[in-house]
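Subject: Structure for you to look at

Hi,

Here is the structure I promised to pass on. Please open it beside this email and follow along.

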Amino acid sequence: MRSSISSLAAAAVAFVPIHASPVKQLDARAGTTSTYGDYTGSTSSYGDGSGTYVRTDDVGTYASGVKCWTDLFYVASEYQAKSWVKNDNSIDCATTSRCASGTITANQDCSSWNLAGTVETKFDIIQDIWSVTGQFNPGGGQSSCTTASSTNTCNWNDMKCHALWTSNVELVNKGYIRRRCHDKGEDYTAWSKDWNVNSPEKTTRLGCAAMCTDTSYPGPVPAAPGPQR
């Protein structure tokens with residue numbers, strides 16, 4: 001029995017509270033933070049308890065008897081513009097009678113986040129975030145990926161070769177997770193960490209100013225559309 005107790009003590013993990021309270025020693029137990037990961041020592045940039053509560057995961061009781069769980073909170077959303085990417089299509093106005101682009105499809109983009117696991121394996125969590133924000137899956141259906149189409153076209157009246165570039169837009173949801181624990185009648189926050197979920201929109205912006213010989217787009221990335229939440 002003594003050797004078993006010694007083994008558990010050797011595996012103890014220190015959790016650092018956000019607020020001024022005594023440091024808690026928790027005996028590690030596998031799988032207790034399997035959903036989001038363990039970020040011991042991390043402190044979110046958002047106030048503890050701020051934002052909108054979304055869900056709780058990773059509930060477990062450590063060998064010491066301390067019960068802990070991880071809460072997920074949503075705080076804000078914003079649209080972000082992505083850098084110019086050269087499209088596979090080009091228009092050589094010297095060899096065609098129609099010197100115009102038409103609607104262009106950009107490269108496929110997929111949702112991503114900065115916590116443990118992939119969006120595909122955590123898709124139920126992402127859907128809960130979208131539900132709280134009143135949003136829907138920008139990609140549509142059960143897929144976290146989408147291929148955007150241009151909202152504008154290009155027309156030229158010269159005899160030159162033009163390359164097409166696209167700038168996609170993504171919706172970024174932001175928030176934090178916090179590891180809460182209960183010990184000796186007291187709830188406390190052991191650690192917290194910011195998260196973000198980047199989801200591609202279905203539309204892209206088409207750039208018309210590049211020549212076929214250009215290796216970078218000769219102009220700034222247009223501002224992201226839509227209001228910030």
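Which residue does a disulfide join to Cys93? The partner is Cys99, with an S to S distance of 1.7 Å. A disulfide here is a pair of cysteine sulfur atoms within 2.5 Å.

Before the rest, a word on the source. This is a predicted model, where local features need pLDDT of at least 70, side-chain atom pairs count only at pLDDT 80 or more, and totals for chains, interfaces and linings use all residues. Residues are numbered from 1 along each chain as its sequence is written, and side-chain values use heavy atoms, leaving out hydrogens and water.

**The disulfides**

The whole structure holds 5 disulfides. Count the bonded cysteines along the chain and the pattern reads 1-8, 2-3, 4-5, 6-9, 7-10.

Back to Cys93 and Cys99. The torsion about their S-S bond is about 55°, so this disulfide is right-handed. Both cysteines are buried. Buried means under 20% relative accessible area, exposed means over 50%, and partly exposed lies in between (1.4 Å probe, protein chains only).

Next, Cys68 and Cys181. Their sulfurs are 2.0 Å apart. This link is right-handed, with 110° about the S-S bond. Cys68 sits in strand S4 (residues 67–81) and Cys181 in strand S10 (residues 161–183), so the bond ties together parts 113 residues apart in sequence. Helices (H or I, at least four residues) and strands (E, at least two) are DSSP runs, numbered from the N terminus. Cys68 counts as buried because its relative accessibility is 0%. Cys181 is buried too, with a relative accessible area of 0%.

Then there is Cys161 with Cys212, S to S 1.9 Å. The torsion here is about -70°, so the disulfide is left-handed. The pair links distant parts of the chain: Cys161 is in strand S10, while Cys212 is in the segment after strand S11 (186–207), 51 residues apart. Cys161 is partly exposed at 25%. Cys212 is partly exposed at 24%.

**Helix H2**

Which residues of helix H2 (residues 123–133) are buried? They are Phe123, Ile125, Ile126, Ile129, Trp130 and Thr133. They cover an arc of only 160° around the axis, so they lie on the same side of H2. That arc is taken from the directions from the helix axis to the C-beta atoms.

What covers them? The cover includes strand S3 (52–61), S4, strand S7 (112–113), S10 and S11. After H2 comes Gly134, with a positive phi near 80°.

Best wishes

Conventions: Contact = heavy atoms within 4.5 Å.
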